[in-house]
Amino acid sequence: DHRLQREDEPHCHRIHHSAMQFDAVWASLAFGALGCLLLLACRRRGGKDLPKAMRRLVVVEPNADLALARVVVEEEAPLPVLKRGQVLIKVCAASINPSDYGAWRARSAKGEYPLPTGQECSGVVVATGGGVSTLGLLGRRVAAFPGSGTYADYVACSAWRLVCLPGSVALADACELFINPLTVVAMLLTARAKRAKAIIHTGASSALGQMLCKAAPGFGVEVVHVTHRQQHVEMLHRLGATHVLNSSSDSYGAQLDEKIRALRVKLAFDCVAGDSAGALVAKLPPRSTVYAYGRLSSSYLSAIPVIDLIYRGKKVEGFMVTRAFAKLGPLGLLRMLLAMQTIKRELQTTFATEFADVRLEEVYERVVAIDPERPGAKSATNQKLRVVFD
């Protein structure tokens, strides 16, 4: 019996070995088929019925005086050529941010002109450049942050720089899902990281200021809202603000002192520039910080007491949303991604914006009209422009 068993062993091993080879062949075939399917799924899609040319707004020649800059609408610009991992978006609307037309003032470091402008938009994906990241995006309604070129009929964008929208959100209203909402969240997370229970915010009646007013209670941060018109004070109170000051009031300085003392404020965010940041530095206690993030009245900061910086440990810093999230530590990127989901959910409530719509050919004229560097310019506060497309 033992001899028969030993004689059968090589035969058993051969059967087992053949079975293993058979399994390996089937596994190879399965993986090969899966790879082929994946390659087919990741190929370029869409784009068959697209026009050969599009309209876009470009800077031909920048100028510190926006009224002298050459900004034109190109009527026959070529459509973007997609790279792998990119999608082509038919733009529905693009928000107009001060940082957009900052590029109209100073020459680009790359020196490439004509220079497309506009950073964020909303629209529909009409073609993909292929790649795993673009799977399932064709035909989706999205908010996107390409970083440039959104004042155009079409724009190319990395698939990682867009957010798919629920059907309940009006497509045009999602054109400002990134810059202002993320800045608000970054401000409040910065305040929390610095253990600040209260902050000061100037330009409080702006679209960003209104978002901050609605979002701050959820972060446990009190805000002293500073605006320059009485009707804006009343509007902010209707939004739920508790501490609202009118900077044009004769009693503004005394009221600001009282709020700083009562709330122990050591952190301020200023978007007005000019003398505004300097006035805040002078009012705040030692070891306070004023973050400058805008220039509603001027491109320069002034009236900053040097003695406060040297002897009282006060600081003035620039504030930019991506850098602010990076300063939050290793989890900064994760916090930004989580913030995007919160913003998407609350786009029609906390982060809602009322827009004034303009056509592409009207953008230059409307922006020059609110340029803070121009004498007699209209106030840019409480005006949020967006470009709308057919």
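Me: What stands opposite Val 124 in β7?

Reply: Arg 141 stands opposite Val 124. This is a predicted model, where local features need pLDDT of at least 70, side-chain atom pairs count only at pLDDT 80 or more, and totals for chains, interfaces and linings use all residues. Residues are numbered from 1 along each chain as its sequence is written, and side-chain values use heavy atoms, with hydrogens and water left out.

Me: What makes β6 and β7 a pair?

Reply: Two strands (E runs in DSSP, at least two residues, numbered from the N terminus) pair if DSSP finds at least two bridges between them. β6 (residues 121-128) and β7 (residues 141-144) have four bridges, in the antiparallel sense, so they pair by that definition.

Me: And what links β7 with β9?

Reply: Three bridges, again antiparallel, join β7 to β9 (residues 162-164). Ala 143 has Val 163 in β9 as its bridge partner.

Me: Why is Cys 121 called buried?

Reply: Because its relative accessibility is 1%, and buried means under 20% relative accessible area (exposed is over 50%, partly exposed in between; 1.4 Å probe, protein chains only).

Me: Which residues does Phe 325 touch?

Reply: With contact meaning heavy atoms within 4.5 Å, and leaving out residues up to four places away in sequence, its partners include Leu 182, Val 185, Leu 189 and Met 336.
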